[in-house]
Amino acid sequence: MIDLYQPDTPPAYTADMDISWHEWQPTGKASGVVPVALLELAEEYQISPVYATAVFVLETGWGSSSAWLTKHNPAGIRCGFRYCKYDTATEGLRRMFEIMQDYYSNGLTTVDQQRSLWSEAEDTDLIVQLMCQLAGGEQNGIQ
């Protein structure tokens with residue numbers, strides 16, 4: 001396991017990153033898109049806010065998807081054959097975090113492990129790229 005939590009060392013955003021909570025504040029484009037509730041829920045559920053934001057960004061197209069805008073559904077969460085609808089954005093985000101925390105509690109602790117179960121597409125690399133972009137730095141040659 002990669003040690004990500006040295007105080008003076010930024011997290012290593014890789015597919016093997018343990019997605020438990022660490023300090024992060026959105027900057028640039030992310031600061032205008034990331035709901036405050038996402039950051040609060042990340043701390044409450046002990047899930048990395050940059051990981052959760054990358055999932056949100058990928059799944060909602062930077063907050064522009066119809067599922068997010070009309071149903072407050074941040075991550076393609078299904079209720080049977082349809083996308084779930086939530087009364088508020090915070091309620092939808094809370095459900096996303098509940099799923100991530102459930103996965104984590106059941107041993108899916110890395111980006112790759114969670115995405116392999118969450119997504120029908122092979123999108124782990126996209127999530128890692130978004131995490132690097134959101135963090136504002138170059139990691140593994142990705143901008």
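Which residue lies over the face of Tyr 83? Select Tyr 83 together with Arg 78: Arg 78 lies over the ring face, at 4.2 Å from the ring centre. A charge counts as over a ring if NZ of Lys or CZ of Arg is within 6 Å of the ring centre and within 35 degrees of the ring normal.

This is a predicted model, in which local features need pLDDT of at least 70, side-chain atom pairs count only at pLDDT 80 or more, and totals for chains, interfaces and linings use all residues. Residues are numbered from 1 along each chain as its sequence is written, and side-chain values use heavy atoms, with hydrogens and water left out.

Next, select Cys 79 and Cys 84, which form the one disulfide of the structure. Their sulfur atoms are 1.9 Å apart (the cut-off for a disulfide is within 2.5 Å). The torsion about the S-S bond is about 110 degrees, so the disulfide is right-handed. Cys 79 is partly exposed at 47% relative accessible area, whereas Cys 84 is buried at 3% (buried means under 20%, exposed over 50%, partly exposed in between, with a 1.4 Å probe and protein chains only).

Tyr 45 is buried at 15% relative accessible area, and Phe 97 is buried at 0%.

Finally, select Phe 56 and Trp 68. Their ring centres are 5.0 Å apart and their planes stand at 85 degrees, so the pair is edge-to-face. Both Phe 56 and Trp 68 are buried.

Technical notes:
Phe/Tyr/Trp six-rings, centres within 6.5 Å; stacked < 30°, edge-to-face > 60°.
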